[in-house]
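Trainee: I would like to learn how to read helix packing in a model. Can we work through a case together?

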Amino acid sequence: MTFVLIVITAVVAGWSLVAGRLEGRHVRAPMVLVLAGVVTGVFTQSEIAAALNSEIALRVVEVILAVLLFVDATELPGGRLFGHDPGSAARALLIALPLSLALTVALGAWLLPGMPLVVLLLIACIIVPTDFAPAELLVRDRRIPEKVRSVLNVESGYNDGIVSPLFLFAVILAGSTSQTRTPMEALATAVPFAVKALVAGVLLGALVAWLMNLADRAYWMTEQSRRTLVLITPLLTYTTTVAVDGNGFVAAFVCGIAFRYVRQAPVRRHGAQAPAASDFQLIEDTNSMMTMVMWFFFGNAVVLALSEGVEWPVLLLCAAALTVVRILPIVLAFLGSRFSWRERLMVGALGPRGTTSIVFGLLAFNALPLGSYADTALDAMTLAVLGSVLLHGGGSMAMARLLAPPSSPSSPPATGPASPPLTKPLVRAGGGRERA
């Protein structure tokens, strides 16, 4: 573990020194950390499985997911739940997303006939949610219509929060080496978890934001204390909810929504200045750093998966999840919408996988009994993210040119003030988010 920490900190330090030059050549932090993880994994191959399946790794992944969910949930443009085009975002999140999950489970049952449905559900929750870490330039490319980027932005920010309750239900249903449960028993456990999470998330998110509003009006806070409080809020919510046997991930996501809404209330009602973007700077930098760590461990997982061999049905399932199982539900969900057929194909084709899949994959690897099921979940995560890095990272610009309307300008991606407004922050090189 000491060796791994030395490598991670050294690589991050080295990348930070030359980040500007590397990013100018489209070399992003996730790519650098994955490469470092692969190289390290080659020399520590016998220790990878134990490290990824340790109690420490589990707790680190849980904290990262809680912070990630909170940050995503705070990206409410003007307090709107689904962005500037809520109808289109709702189609992607409430229709296409469930359809993609169901199709993935059905296809998995055909390709992996001996696999329990609950494990297939876990795999679907791992490989279906989108995240822009591997292809952040997509949300800046002016060849892609603004409404397409807006839907993709909102979807990538909210689908992990929507999928996490289903993922945790499947984890409870799958049980462990010592305990398995029926669907009704798992549901009876998951529902109280979710109810407690909703209550805790709303109360703590609204309370902290309200207290911040009061403290701001009384000039009791400093810039640093505001940033610190924003960082502490998801951690406080997660730990408090877990302590009362609630779903800490759902609580963190709901907390972010409540926090953002109440924190913006004085802006709408009293004309006060909006909360400064700098209030979120510390949590975004922390989230960025933790995401870098996740990409490093993803590099380790690549070595572990490839060294043990990958079954072709898992490879085929992941390839389908990145293509047809993603595109078909999007096309169906957007029937009757104002999106053209080309724009529907763009929304379906430009759906990268990243940090969310890595976190869910490592959680499933820890939760499932060691053996074929845990290995299959880890393999699915590895293949889906690796395939997405190749398809949506290296091939994203080619896909944009192919699918862009004929009248779209052939200019390069916008990187400055000319970029159209986005519904949530852009993904930064380290996997964090930069507020528009």
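Mentor: First, the ground rules. This is a predicted model, where local features need pLDDT of at least 70, side-chain atom pairs count only at pLDDT 80 or more, and totals for chains, interfaces and linings use all residues. Residues are numbered from 1 along each chain as its sequence is written, and side-chain values use heavy atoms, with hydrogens and water left out.

Trainee: How many helices and strands are in the chain?

Mentor: Helices are DSSP runs of H or I with at least four residues, strands are runs of E with at least two, and both are numbered from the N terminus. The chain has 18 helices and two strands. Of its 436 residues, 56% are buried (under 20% relative accessible area, 1.4 Å probe, protein chains only). Take contacts, meaning heavy atoms within 4.5 Å, between residues at least 6 apart in sequence: 81% of them join residues at least 24 apart.

Trainee: What describes two packed helices?

Mentor: The angle between their axes and the distance between the axes. Axes are lines fitted to C-alpha atoms over the stretch in contact, and angles run from 0 to 180 degrees between N-to-C directions. Here, the axes of α6 (residues 86-111) and α8 (residues 146-174) come within 10 Å and cross at roughly 45°. That makes α6 oblique to α8 (under 35 degrees is roughly parallel, over 145 roughly antiparallel, 65 to 115 roughly perpendicular, the rest oblique). The crossing is right-handed (the near helix is turned clockwise from the far one by less than a right angle).

Trainee: Which residues of α6 and α8 meet?

Mentor: From α6, S88, A89, A92, L93, L97 and L101. Their partners in α8 include V151, V154, E155, Y158 and N159. By class, this contact of α6 with α8 has eleven nonpolar, two polar and one charged residues (nonpolar: Ala, Val, Leu, Ile, Met, Phe, Trp, Tyr, Cys and Pro; charged: Asp, Glu, Lys and Arg; polar: the others, Gly among them).

Trainee: At what angle do α1 and α12 pack?

Mentor: About 120°, with the axes of α1 (residues 2-17) and α12 (residues 281-308) 11 Å apart. So α1 is oblique to α12. Their crossing is right-handed. V4, V7, I8, V12 and W15 of α1 touch M289, M292, V293, F296 and F297 of α12. The contact of α1 with α12 has ten nonpolar, no polar and no charged residues.

Trainee: How many disulfides does the structure hold?

Mentor: A disulfide is a pair of cysteine sulfur atoms within 2.5 Å. The structure holds zero.

Trainee: Is C125 buried or exposed?

Mentor: C125 is buried, at 0% relative accessibility. C255 is buried, with a relative accessible area of 0%.

Technical notes
Buried < 20%, exposed > 50% of the residue type's maximum accessible area, 1.4 Å probe, protein only.
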